[in-house]
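Subject: A structure for you to look at

Hello,

Here is the structure I promised to pass on. Please open it alongside this message, and my notes on it follow below.

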Amino acid sequence: MNKKDRLAPRDLELLAVIDGVLANGSGARREDHPLEALCVHIAGTVPQAAPKFQKRLQQQLTAAWLRKYEFQTEGAAPRVTSKATLLSWVRDHLPEAFKAWPSLQKGRLQSTRMSALRVSVAVLLVASLTVAFVPPLRTAVVDAIRSIVIGPNTDAWQIDPHANNEPRPLPPDVWVIHTEIGGFGGNAPPGVDPIVQTVDTFEEAQGLTNFHLRRPTDLPEGFAFREAKLAPIGGTSWAILFYSGPGDEIIVAQMPGGPQPSDDPNVVVAIKSGVVTDGTLEEVDFDGRTAAWIDGHSLLWESEGISYQIGALDLDLQQVMDIARSLR
Amino acid sequence: MQTRIDGKREEALIESAQHDLAAFEELYGHYFPKVYAYVNYRITPVQEAEDLVASTFLKATERLGRFQWRGDGSFAAWLFRIAHDLIVDFYRRNHKGTSPTSLADLPELKSNSLLPDDSTMQKERFAHLRHLIGTLSPRRQEIITLKFFGGLRNREIAQMLALDERTVASHLCRGLEDLHRKLASEVVQPSKESVHE
């Protein structure tokens, strides 16, 4: 005897009515049943999502899926022997990363809703180099000593500093900017030259970016804006501001993450960024936000979809946080 | 009419969903309308319901790697369990009871009509029905909304709520009978509940 046999006949009848209504829409199967009309009424009063909400959620989920699953592949973490060889390690993985791109894009094109996702993942380089756009690199950092999720578009990883990598040339669409706190690198979008522009004023830098650039309004005495470097990534730019003064240079880097404007309506462009270090990585609280304190001189956080990194070799965490709080 | 994915196909989709975005999208596309409808019957206003729907899918995306297939219906039970737990948390935080609802706080309803008046009428019907369902015991609210809007079978609801399948069937039937009685009594005594703009 199955469980349904222990139900009263009237219940069995009602369950059949319910199943009939749900299977056949509003077409009644048992019009003589007293609750049939109620079941039809309930089944026909269905909330439906607004297209705008559906689209927004799709984008959020795509970004979340990419962050969680796109970069998870098999393989052991690469090893780097020292800070100087992180760059070599990155070079090792970049060719593989770009081989993966055609299949990545092809897979997206088969989807009619979230088709042709083109992911540009920029890299904040700290300690030597930080790369996050390379799936195999991300593979490696999945096996990192530790990782910190800074925000929806920003992560930080600490890896074991043992490696055996020989230097190799970077792919042609990758740019690198060297600073005192480390190197920054990323891949230019298809069709765009990986040229880093240098400008002498903040206003010029703002004119060349498509997001609100923020600058520190409270710096240690004697520091002033020197120049800005702007590098192309995923339809926007990575902006690095340099401030010179009596001490070590202060670096202020910022870049929007997540979905970006796309010229092609069938293409979704998204940006991820991250930091890999073989030095120290500490999770800190920055005014209620999760942030990373990297190598003892660089603060990484995300706010309103933008990744920020500020640092200087001779500033401590509180000093860097004070500068970060003064960004306008 | 409720649609279902064949069990074998669903199992294959779930297995692929962690490395194939298209598979993930198909799962999402199938379950989104069900979760949306279910949550909107449990949470008001629509803006809060949408936040909760988004949280449900974001959590599901995050946890997909930990899901273990246990047969036909196990994924639906798992997904709606996430939504259910978020709803429970919502009520713990908000202590909201049934209250008059503005039309702006209501979701759109499925309709074949383009007339704005029909849309308003539909929203009023929805608000009224939701209010009535809200007068049932929490258990029966849950079971009715999961059955009619989540598209879950009695077995799946039982699995999700850790109940016996017969108990789910009983609650479903008693809940509908209660609703029927309340509706019938409203014909005699019109409800004082109102929807305002």
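A:D11 is buried, since its relative accessible area is 4% (buried means under 20% relative accessible area, exposed over 50% and partly exposed in between, with a 1.4 Å probe and protein chains only). This is a predicted model, in which local features need pLDDT of at least 70 and side-chain atom pairs count only at pLDDT 80 or more, while totals for chains, interfaces and linings use all residues. Residues are numbered from 1 along each chain as its sequence is written, chains are lettered from A and ligands numbered from 1 in the order in which they are written, and side-chain values use heavy atoms, with hydrogens and water left out.

Back to A:D11, then. Its partner in a salt bridge is B:R174, with the closest N and O atoms 2.4 Å apart; a salt bridge here is a side-chain nitrogen of Lys or Arg within 4 Å of a carboxyl oxygen of Asp or Glu. Because A:D11 sits in helix 1 (residues 9-24) of chain A and B:R174 in helix 8 (residues 165-188) of chain B, the pair joins two chains. Helices (H or I, at least four residues) and strands (E, at least two) are DSSP runs, numbered from the N terminus. The two residues also belong to a network of salt bridges that links A:R10, A:D11, B:R174 and B:E177.

B:K147 is buried at 5% relative accessibility, whereas A:D19, at 37%, is partly exposed. Other buried residues of helix 1 of chain A include A:L14, A:L15, A:V17 and A:I18.

B:R42 is in helix 2 and B:E142 in helix 6 of chain B, so the pair ties together parts that are 100 residues apart in sequence. Both residues are buried. Over all chains, the count comes to 18 salt bridges.

Which residues are buried in helix 1 (residues 7-16) of chain B? They are B:G7, B:E10, B:L13 and B:I14. The face turned away from the buried side carries the exposed residues B:K8 and B:E15. Helix 2 (21-42) and helix 4 (74-94) of chain B are included in what covers the buried residues.

Finally, have a look at A:Y308, in strand 16 (residues 306-311) of chain A. A:Y308 is buried, at 2% relative accessibility. Its side chain makes a polar contact with that of A:R214 (3.1 Å), and the two residues are 94 apart in sequence but 9.7 Å apart in space, C-alpha to C-alpha. A polar contact is a pair of N or O atoms within 3.5 Å; within protein, one must be able to donate a hydrogen and the other to accept it, and residues adjacent in sequence count only if both atoms are side-chain atoms.

Best wishes

Note on methods. Contact = heavy atoms within 4.5 Å.
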